[in-house]
Amino acid sequence: MFRPPRHLAPARFLRIFRPAPRPDQCTMRKYRHVINVGIQNNLTYRFNFLARTLFGFIPLIAMLYVWRAIYESNSGASVATYTFAQMVSYYLLSTVVDALTAVNEDDWQIAADIKDGNISQFLLKPIDYLWYRLCLFVSGRVTYMMVAAVPLVIFILALRRYFVLPADWPTFGLFLVSVVMTALLQFFTSYAMAMLAFWVLEVSTFIFILFAFEYLASGHLFPLDILPAPIEQALYFTPFPYQLYFPVSVYLGKVTGAELAKGLIIQALWVLAAYALARFAWNRGIRRYAAVGG
Amino acid sequence: MSALEPRTSASNPGPVDNAAAPARRSLRAVAARYLAIYIELWRNSLTREMMFKGNFLLWIVVEMLWFALQLVFINVLYLHTESIGTWTKWQVVLLIGASHFIQQTFQAFFLINCTNLSELVRTGKLDFLLLLPVNTRFVVSLRQIDLGAFVNAASAVAVMVYALHRLEFVPSLAQVAGFAGLCVAGILIHYSLMFLLATISFWTVRAQGIVWGYYNLFNIARMPDEAFRGLFKAVFTFAVPMLLVSNVPTRLLAKGFDSPWPIVLLLGMSAVCFALSELGWRASIRRYTSASS
């Protein structure tokens with residue numbers, strides 16, 4: 001059992017005597033190294049990633065079959081504003097965005113780090129745990145995409161009749177911007193949730209409860225604009241639509257112009273809010289953590 | 001756990017006693033012994049769950065939420081359509097209830113044990129279970145009971161009763177019994193297939209991922225069978241009979257059959273799956289080399 005240090009003064013003291021390296025350059029190298037190591041580590045799970053991607057197609061195909069049956073029952077009329085092709089595109093795109101942005105096991109690992117006392121070493125090292133985890137998250141997504149890209153592209157090509165392309169390049173560019181923010185929002189939210197490990201023994205239930213809401217309200221199950229309008233409007237007061245639905249609707253051209261600009265700003269604000277919450281939870285948690293160890 | 005101790009009790013004559021007359025009695029004795037062991041396992045699980053009461057309750061909340069999510073999804077779909085194939089809204093709600101009931105009952109008895117098998121193999125803890133004077137598959141499959149899942153299964157029953165009420169259908173006693181029997185066949189399919197996948201852990205350390213991958217397939221079981229066609233339907237009827245597991249019991253209550261074939265198929269597939277899992281288990285356990293010793 002590792003006992004966390006009573007106070008961190010010695011670490012700070014030692015750093016005074018070290019020749020201070022140029023901070024920005026060094027920081028970049030340090031974190032780039034974390035990403036590299038993260039990719040190496042994640043590559044050992046490539047079989048799992050592949051299995052997850054392939055198994056993930058099965059419910060997706062089933063979902064598309066159900067929608068086809070619905071469109072056939074309606075004799076081809078569109079559902080809300082979606083034609084069948086647009087509906088298929090919606091699900092394919094949400095699968096892609098999910099592959100690019102979903103946290104894999106980051107939240108469990110962070111919670112385990114806290115529970116097992118592994119974070120103590122980060123309190124001693126000149127490395128920030130949040131940026132460190134973000135690097136690992138990025139490397140996880142990069143590796144996942146390396147493995148998942150081939151089956152995903154084959155799958156989309158097989159359904160290319162139903163797959164719409166973005167209206168123009170700027171739309172695609174803004175889609176990518178939104179995807180990056182979605183990834184950050186996902187990560188910071190999960191990080192903040194994992195901080196619960198400072199207070200409770202078992203965080204997985206809390207994570208699953210939040211995930212259930214996210215699953216529905218972020219558009220995993222169905223596009224949000226097939227909901228009755230008041231409910232859809234209400235959901236926009238939560239961060240959930242910005243965790244999946246928003247970037248997909250940018251791609252599909254469902255939001256344009258001023259609406260799009262407003263949406264991106266709100267998304268950025270949610271990212272900042274989640275970041276602030278993550279930092280705040282860490283600071284409160286670490287106080288408690290030190291108290292337990294001391 | 002007195003019931004797990006070697007054969008010393010008077011109630012168990014042991015293998016020496018193989019005279020023709022007491023054969024039936026010894027069969028009953030064996031059944032009694034296994035029942036006693038199983039009761040002991042229940043008591044054990046109950047103690048374990050009650051150690052973390054808050055967590056126990058929270059997991060029930062989690063499952064309820066995900067169940068509610070499925071029902072919300074169906075409600076949203078039926079805002080936009082009258083039917084999926086010939087399935088009406090409340091028939092699909094009944095299907096989702098049945099599927100949840102089957103899944104949760106499976107989870108109550110088997111799920112944790114199936115996912116734990118790879119861990120037992122990896123750490124070599126299977127040694128201890130092999131040494132026990134009971135059937136190893138029995139103790140591996142039924143060691144832990146997930147009591148919260150029974151609560152969730154009850155919530156599924158409540159939803160089914162409500163759906164039947166909305167369908168204005170009162171099933172006869174025979175239909176309820178038939179439904180229960182078909183559910184048992186469905187649970188047996190889930191258990192056999194997942195146990196078979198878990199035995200892959202004797203060959204590779206990556207089995208846990210595969211077992212969780214199978215868990216994905218529960219998503220298919222709650223969808224109306226008429227939506228599917230072609231290869232997809234063939235695979236998930238004859239190779240991995242997900243489309244039979246909850247659709248056939250639900251049809252028995254709500255829709256009826258054109259022919260008795262689906263029922264025969266479900267029962268036949270459950271027997272085949274169970275036989276396959278037993279073969280797979282026997283082939284796999286032979287490879288066990290014990291990691292720790």
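Me: Is B:Arg33 buried or exposed?

Reply: This is a predicted model, so every value here is computed from predicted atoms. A residue counts as buried when its relative accessible area is under 20%. B:Arg33 has a relative accessible area of 13%, so B:Arg33 is buried. B:Arg33 sits in helix α1 of chain B, which spans residues 23–51.

Me: Where is B:Asn113, and what is its relative accessible area?

Reply: B:Asn113 belongs to helix α3 of chain B, residues 89–123. The cut-off for buried is under 20%. The relative accessible area of B:Asn113 is 4%, and therefore B:Asn113 is buried.

Me: Which backbone atoms does the side chain of B:Asn113 reach at 2.9 Å?

Reply: One is the backbone oxygen of B:Phe109. Another is the backbone nitrogen of B:Gln144, also at 2.9 Å.

Me: Which residues does B:Asn113 touch, leaving out those up to four places away in sequence?

Reply: B:Asn113 touches B:Val140, B:Ser141, B:Leu142, B:Arg143 and B:Gln144.

Me: Now for pairs of helices. At roughly what angle do the axes of α7 and α12 of chain B cross?

Reply: An angle over 145 degrees counts as roughly antiparallel. The axes of helix α7 (residues 173–198) and helix α12 (residues 247–254) of chain B cross at roughly 175° and come within 9 Å. α7(B) and α12(B) are therefore roughly antiparallel to each other.

Me: Which residues make that contact?

Reply: From α7(B) come B:Gln175, B:Gly178, B:Phe179, B:Leu182 and B:Cys183. From α12(B) come B:Val248, B:Pro249, B:Thr250, B:Leu252 and B:Leu253. Sorted by class, the contact has seven nonpolar residues, three polar ones and no charged ones.

Me: Turning to a whole chain, how many helices and strands are in chain A?

Reply: Chain A has 12 helices and zero strands.

Me: How many residues are in chain A, and what share of them is buried?

Reply: Chain A has 294 residues, and 47% of them are buried. The accessible surface of chain A is about 15,000 Å², with 67% of that belonging to carbon and sulfur atoms.

Me: What share of the contacts in chain A joins residues 24 or more positions apart?

Reply: Among contacts in chain A with a separation of 6 or more, the share is 80%.

Technical notes: Residues numbered from 1 in each chain as written. Chains lettered and ligands numbered in written order. Predicted model: local features only at pLDDT ≥ 70, side-chain atom pairs only at ≥ 80, totals over all residues. Heavy atoms only, no water. Helix = DSSP H or I, 4+ residues; strand = E, 2+ residues; numbered from the N terminus. Buried < 20%, exposed > 50% of the residue type's maximum accessible area, 1.4 Å probe, protein only. Polar contact = N/O pair within 3.5 Å; in protein donor to acceptor, adjacent residues only side chain to side chain. Contact = heavy atoms within 4.5 Å. Areas by Shrake-Rupley, 256 points an atom, 1.4 Å probe, with all protein chains shown as cover. Axes fitted to C-alpha atoms, helices over the stretch in contact; angles between N-to-C directions. Parallel < 35°, antiparallel > 145°, perpendicular 65-115°, else oblique. Nonpolar A, V, L, I, M, F, W, Y, C, P; charged D, E, K, R; others polar.
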